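Reader: Hi! Could you walk me through this one?
Author: Happy to, here it is.

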Protein chains: 6
Amino acid sequence: MAVVPLLTDEDASAEALAVFNEIRERRGTDYVNNFWRALAHDADHLKAIWEKVPTVMAPGEIDPLVKELIYIAVSTANNCGYCIHSHTAAARAKGMTPSMHAELLQVIALASQTNALATGLAVPVDDRFDVSSKSSK
Amino acid sequence: MAVVPLLTDEDASAEALAVFNEIRERRGTDYVNNFWRALAHDADHLKAIWEKVPTVMAPGEIDPLVKELIYIAVSTANNCGYCIHSHTAAARAKGMTPSMHAELLQVIALASQTNALATGLAVPVDDRFDVSSKSSK
Amino acid sequence: MAVVPLLTDEDASAEALAVFNEIRERRGTDYVNNFWRALAHDADHLKAIWEKVPTVMAPGEIDPLVKELIYIAVSTANNCGYCIHSHTAAARAKGMTPSMHAELLQVIALASQTNALATGLAVPVDDRFDVSSKSSK
Amino acid sequence: MAVVPLLTDEDASAEALAVFNEIRERRGTDYVNNFWRALAHDADHLKAIWEKVPTVMAPGEIDPLVKELIYIAVSTANNCGYCIHSHTAAARAKGMTPSMHAELLQVIALASQTNALATGLAVPVDDRFDVSSKSSK
Amino acid sequence: MAVVPLLTDEDASAEALAVFNEIRERRGTDYVNNFWRALAHDADHLKAIWEKVPTVMAPGEIDPLVKELIYIAVSTANNCGYCIHSHTAAARAKGMTPSMHAELLQVIALASQTNALATGLAVPVDDRFDVSSKSSK
Amino acid sequence: MAVVPLLTDEDASAEALAVFNEIRERRGTDYVNNFWRALAHDADHLKAIWEKVPTVMAPGEIDPLVKELIYIAVSTANNCGYCIHSHTAAARAKGMTPSMHAELLQVIALASQTNALATGLAVPVDDRFDVSSKSSK
């Protein structure tokens with residue numbers, strides 16, 4: 001199921017095909033996954049997202065594998081099945097072990113549980129958590 | 001605003017007060033935050049959550065600070081204002097720097113963006129992401 | 001905060017005021033809560049919602065108090081702070097005890113936790129749960 | 001997969017069948033889609049929803065095609081796969097071009113991204129955005 | 001589709017298999033559904049969830065069938081397809097009739113509609129709904 | 001409340017201040033709203049978002065006012081209070097009348113209602129809505 005055709009190399013515009021080829025090159029595989037083939041109807045958007053991902057997911061103060069764990073957490077809470085599948089695969093490729101995956105799910109499950117409690121009880125935020133007017137200097 | 005009174009030490013049951021005192025002791029502070037005071041109407045639930053949190057958030061294959069980042073990510077996607085406030089404070093207490101916070105938000109924002117695209121395009125999961133029937137041995 | 005003025009009786013149109021007066025009469029109070037005052041900018045919509053609520057929430061095979069518990073559950077999962085507040089008040093008015101409230105929150109918290117696990121693991125629905133093609137006769 | 005049988009014309013009650021026939025007539029097709037067949041277990045609800053849709057989606061100050069774009073946006077944010085599929089088809093039938101679809105997805109993706117940032121940063125609403133107490137006159 | 005293999009009895013650890021056997025015994029069936037087989041990669045988590053469910057869902061001030069209705073409501077609002085399927089089946093097993101199911105869906109649909117209105121209008125919570133500082137004595 | 005200080009002009013870095021000044025210039029106002037002041041801790045992210053917004057929201061095949069309506073719809077479904085406030089204000093500035101606002105809310109409310117029904121019934125997508133393998137040529 002999809003609401004747009006998944007563009008094959010033949011159907012893709014020259015601009016989109018160029019991104020497909022970059023995907024192949026950077027990842028060292030011939031396979032271009034469905035997300036990019038669906039997004040390819042808007043070659044500019046495809047290119048923008050494709051170029052942004054490595055910038056955001058690059059090593060920084062947060063480790064790339066940790067960034068994948070965060071990505072999975074967001075995708076789970078947002079209930080994006082595609083994203084859960086693709087980023088769980090990506091996390092494994094970057095070294096996520098079964099034990100790490102299990103711990104990740106425990107944190108996601110605990111957070112979902114306490115999120116529901118704080119929301120259902122409508123707990124007011126403690127004044128001490130407010131830093132809106134603190135000077136950053 | 002809250003849908004239940006935030007129980008003071010005086011209003012709390014003996015069981016709930018015992019948890020409040022454990023909170024004070026473990027954290028080395030006299031302050032018991034609103035979440036626990038709201039949850040204290042159900043002393044068993046209060047005790048169960050309070051005892052579960054350190055187990056899940058303890059050091060394991062995933063670092064405690066990383067677990068806090070994941071907690072913030074889930075709370076943001078679930079839109080739990082209380083949880084975002086309390087776990088951003090907790091993450092800072094465990095060493096989250098402003099730069100790490102900024103990177104975290106970049107990953108959350110990127111994931112939210114691509115989640116929306118994968119969902120809005122109804123992208124079918126690639127067969128290669130399916131591991132449901134693979135042997136785990 | 002609100003994105004529209006909360007209409008006073010003076011500001012409301014004749015049609016909206018008529019609904020305000022029905023609210024007062026049916027509930028035996030002079031107070032018209034903010035939801036209706038915000039919705040009053042669209043008197044037709046106000047009237048439609050106001051007339052629909054008692055039909056759906058009326059005694060049927062499901063008890064009115066149980067319907068309020070379900071309403072709170074949906075509002076919590078949807079994170080509608082206003083709705084959580086107003087329907088927790090409504091549930092109390094219909095007999096929800098503190099113990100029932102505590103049990104309700106336990107179910108909501110458990111469901112939120114297992115929802116996150118089923119989603120994060122992308123568990124495929126068991127064939128036996130599918131009843132789409134069963135005859136209803 | 002479904003949690004109820006999709007009622008065939010034979011299985012449907014007389015009241016539900018009458019709605020199916022109205023669907024066929026108004027749309028000029030013999031096909032009744034799954035949503036209505038699933039909802040048909042509650043013929044009153046089926047009839048209420050079926051009669052409400054054209055009222056809300058009718059031309060008004062907002063164009064019917066624009067209303068479909070808004071419907072897709074809500075369905076995407078709510079992650080309703082069925083609704084995304086059916087309303088993307090409906091939008092196309094009302095004139096949505098591939099370029100409009102691409103722009104729609106760009107707006108949805110941008111909003112999802114900034115929603116996450118405003119939520120994750122817990123940005124307080126600026127006083128100037130509050131119009132709750134302004135007179136509407 | 002799933003992001004982990006669904007563990008067969010042969011693939012499961014001794015601890016996980018023990019839980020599978022408890023599931024079989026308590027339910028009087030040989031069938032272990034996919035949720036537990038997916039969760040079994042983390043035998044401790046599997047055991048904790050499995051032991052928690054009957055405690056929360058047990059008869060109390062809220063009837064077990066009502067608890068299932070609440071579970072379905074949360075799962076629907078959270079859009080957990082697996083949970084909707086499994087708990088609709090569970091509710092039926094506990095006595096949910098087609099009419100109760102229809103009423104449940106009407107409440108869920110009404111709550112979703114008014115949640116969207118209260119949220120979209122950003123309706124401020126009425127002071128009278130705030131009970132945060134009321135004494136519970 | 002906020003989890004970061006809202007940066008004043010004095011607290012902001014030179015790069016962030018430059019964006020603040022662009023905001024002032026483009027909007028013809030001295031006021032810089034809280035979203036940008038909160039985001040300013042990450043000047044690169046601030047600049048990227050600020051530059052992306054006008055590109056996505058610019059006139060195209062979809063009218064700028066319509067784009068604001070879509071933005072409100074997404075923000076409502078995502079329950080981003082800040083975004084609902086700021087984009088309702090933006091839509092008004094671009095010409096949204098009270099009647100258009102009322103119609104918008106009707107569509108959002110209807111979509112939320114039918115989203116819940118399609119999800120709660122787990123309605124399978126009709127084959128005819130699937131266009132994943134259709135040629136786009």
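Reader: Which residues have the most contacts inside the largest nonpolar core?
Author: They are A:Ile70, B:Ile70, C:Ile70, D:Ile70, E:Ile70 and F:Ile70, in a core of 265 residues. A nonpolar core here is a set of buried Ala, Val, Leu, Ile, Met, Phe, Trp, Tyr and Cys residues joined through C-beta atoms within 7 Å. Buried means that 20 or more other C-beta atoms lie within 10 Å of a residue's own, with C-beta atoms placed from the backbone.
Author: Please keep in mind that this is a predicted model, where local features need pLDDT of at least 70 and side-chain atom pairs count only at pLDDT 80 or more, while totals for chains, interfaces and linings use all residues. Residues are numbered from 1 along each chain as its sequence is written, and chains are lettered from A and ligands numbered from 1 in the order in which they are written.

Reader: What is D:Ile70 in contact with, leaving aside its neighbours within four places in sequence?
Author: Its partners are F:Leu69, F:Ile70, F:Ala73, F:Leu104, F:Val107 and F:Ile108. Two residues are in contact if their C-beta atoms, placed from the backbone, lie within 7 Å.

Reader: Switching topic, how many helices and strands does chain A have?
Author: Chain A has six helices and zero strands. Helices (H or I, at least four residues) and strands (E, at least two) are DSSP runs, numbered from the N terminus.

Reader: And why is chain A called more spread out than a compact globule?
Author: Because its radius of gyration is 19 Å, well over the 14 Å that the globule rule gives for 137 residues. That radius is taken over C-alpha atoms, and the rule is 2.2 Å times the number of residues to the power 0.38. The C-alpha trace of chain A spans about 60 × 40 × 30 Å along its principal axes, and 52% of the residues of chain A count as buried.

Reader: How many residues does the contact take from chain A and from chain C?
Author: The contact takes 17 residues from chain A and 17 residues from chain C. On the chain A side, α6(A) gives the most, with 10 residues.

Reader: What rotation superposes chain A on chain C?
Author: A rotation of 180° does, with 0.0 Å of shift along its axis and an RMSD of 0.0 Å. Copies are superposed by least squares on the C-alpha atoms of residues with pLDDT of at least 70 in both.

Reader: Why do these copies meet through the same surface?
Author: Because 100% of the interface residues of chain A are also interface residues in chain C.

Conventions:
A residue is buried if 20 or more other C-beta atoms lie within 10 Å of its own, exposed if 12 or fewer, and partly exposed in between; C-beta atoms are placed from the backbone.
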